[in-house]
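Let's walk through the spaces in this protein, starting with its pockets and ending at the ligand.

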Amino acid sequence: MSYENILVETQDKVGVIRLNRPKALNALSDALMSELGEALLAFDADDGIGCIVITGSEKAFAAGADITGMAGYSYMDVFKGEFITRNWETIRRVRKPVIAAVAGYALGGGCELAMMCDFIIAADTARFGQPEIKLGIIPGAGGTQRLPRAVSKAKAMDLALTGRMMDAEEAERAGLVSRIVAADKLMEEALAAAKTIADMSQPIAMMVKDSVNRAYESTLADGMKYERALFYSCFATDDQKEGMKAFIEKRPPVFKNS
Ligand code: HXC
């Protein structure tokens, strides 16, 4: 499959998607988001892939939704055209873990896309923000919903109301990113993390993702019940048998994804 706005490659059980509109700092056009969705679903369906990495360029993960594309939209264009729901949420259907490897700007829809991934590894050059207010709109792909869950109400309000950017250090302190690495080591670190995950049992990694995501959408009691049901079901897998047998035999496990 060839794409115009993204570059796609496979590296040792890891699917890598690079956002690639350098002239517009990877602004997330409709076409780009559709291609991203297609590529994500293709990797998700590929048994040879255990983890996916989404990244951008050194200068920008993505500077937001494409402002030139949106500028002329009417209410009916966005309402009837299902702007956002049509292709921005495809990533939520992906069951395998997805890592965002962020260098440079992750603004507006770019920050929202990074937050839709399962975790964010940031280069020390990363800058996050929800500057939509400066354009006369509010965030539309989770900025007012995922950001407060990730960084607290105070920080989310500060960012979304002033439109200011926060650097990687502040983002890590606030809990938005899981780790910061030197910019020139970003892909090396992200691929190593992805490979570690891809070497685990795929169905079990999918259950971890599913269960952690549940924490955002349920009460503690419901979430605990959900986790317990998934935990019990691990014991119906070959990979649980192999994982524990390998530990007892003091050797690395060989998971069969079954
Ligand atoms: C379209 C964009 C763009 C964007 C940058 N460009 N961001 N084009 N949409 N979001 C283009 C610029 O127009 C310019 O094109 C080229 O990329 C380089 O950008 P510069 O501004 O010249 O670079 P620089 O001076 O380094 O400033 C970088 C920047 C700035 C601070 C990131 O570009 C910026 O503020 N961008 C907009 C950020 C933003 O407001 N994002 C939120 C978008 S709304 P030319 O042709 O002039 O070289 C959003 C809503 C999501 O995301 C809702 C859910 C769908």
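Helices here are DSSP runs of H or I with at least four residues, strands are E runs of at least two, and both are numbered from the N terminus. You're looking at a predicted model, where local features need pLDDT of at least 70 and side-chain atom pairs count only at pLDDT 80 or more, while totals for chains, interfaces and linings use all residues. Residues are numbered from 1 along each chain as its sequence is written, and side-chain values use heavy atoms, leaving out hydrogens and water.

Now for the open spaces. Points are joined across faces, edges and corners, and volume is the space filled by probe spheres set on them.

The largest pocket holds about 1200 Å³. Of its 38 lining residues, Cys117, Asp118, Lys209, Asn213 and Tyr216 are closest to the centre. Helix H9 (202–217) gives the most to this lining, with 12 residues. Domain 1 (6–198) and domain 2 (201–249) each supply at least three residues, with the bounds taken from an automatic or database domain assignment.

Next comes the second largest pocket, at about 540 Å³. It has 26 lining residues, and Ala65, Met70, Glu132, Ile137 and Ile138 lie nearest its centre.

Met33, Trp88 and Leu113 are among the residues lining it, and helix H1 (residues 30–45) provides the largest share, 4 residues.

Finally, the ligand. It has 25 residues around it, with Lys59, Ala63, Ala65, Ile67 and Gly109 coming nearest; a residue counts as near if one of its heavy atoms lies within 4 Å. For polar contacts, look for pairs of N or O atoms within 3.5 Å. A polar side-chain atom of Lys59 sits 3.1 Å from a ligand oxygen, and a polar backbone atom of Ile67 is 2.9 Å from a ligand nitrogen. The protein covers 64% of the 1000 Å² of accessible area the ligand has on its own, by the Shrake-Rupley method with a 1.4 Å probe.

Terms used
A polar contact is a pair of N or O atoms within 3.5 Å; within protein, one must be able to donate a hydrogen and the other to accept it, and residues adjacent in sequence count only if both atoms are side-chain atoms. On a 1 Å grid over the protein atoms alone, a cavity is a set of points where a 1.4 Å probe fits but cannot get out, and a pocket is an open set with protein on both sides within 12 Å along at least five of seven lines; lining residues have an atom within 4 Å of a point.
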